[in-house]
Amino acid sequence: MSKVCCIISAEEDVSDGVANDEIFRVIARITHDFGIDSFIIGTNLGMEQNILEYLIFSRNTAKKFTITGVIGAEEAATIWSETQRNRFFSLVACCDYELLLHPMHSDLAEFYKNLVIVDLADLIFIIGKDENLEYWVKKRNKKLLKFDLEDKVLVPNITLLS
């Protein structure tokens, strides 16, 4: 039976290298400890693309999982720089699957995208704070892990298997 994890970044960008390294370590442990064989992640600029790039690299270097890239606002790429657009299309091309949601760009579209991927996943990994999303995850009785960016720890503060 497939086990799916969605990763949602409540922060656009995390420029703290220590936090990034810890987030990537947690993702590696999630893959192993929870037996995750499929990831669903957005394709927005910033943290989502950084994590997507990490997942693609990890998958290509030995891990056995699939990646679904969720595109919540494809037309947003029209306002990005050429470099940003090229990175977006390159990352999406490396995904095993693409999920294109209603093409609109607003805060509501982002929330809708997050609800859709929460419904498709068994384990939800949220980076940063998003109380509205946490409420919906709990309401749907999903397993939730959060990464607190201030303290750079998992919440709840559990020790993943070594």
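Modeller: Apart from its neighbours within four places in sequence, glycine 35 is in contact with Lys3 and Ile30, contact being heavy atoms within 4.5 Å. This is a predicted model, where local features need pLDDT of at least 70, side-chain atom pairs count only at pLDDT 80 or more, and totals for chains, interfaces and linings use all residues. Residues are numbered from 1 along each chain as its sequence is written, and side-chain values use heavy atoms, with hydrogens and water left out.

Biologist: Why is glycine 35 called partly exposed?

Modeller: Buried means under 20% relative accessible area, exposed over 50%, and partly exposed in between (1.4 Å probe, protein chains only). Glycine 35 has 38%, so it is partly exposed.

Biologist: What makes a space count as a cavity?

Modeller: On a 1 Å grid over the protein atoms alone, a cavity is a set of points where a 1.4 Å probe fits but cannot get out. The structure holds 2 cavities of 30 Å³ or more. A volume is the space filled by probe spheres set on the points, which are joined across faces, edges and corners. The largest cavity has about 40 Å³ of space.

Biologist: Which residues line the largest cavity?

Modeller: Lining residues have an atom within 4 Å of a point. Among those of the largest cavity are Thr43, Ile71, Trp80 and Phe88.

Biologist: How much space lies in the second largest cavity?

Modeller: About 30 Å³. Its lining includes Ile27, Tyr54, Lys63 and Phe65.

Key:
On a 1 Å grid over the protein atoms alone, a cavity is a set of points where a 1.4 Å probe fits but cannot get out, and a pocket is an open set with protein on both sides within 12 Å along at least five of seven lines; lining residues have an atom within 4 Å of a point.
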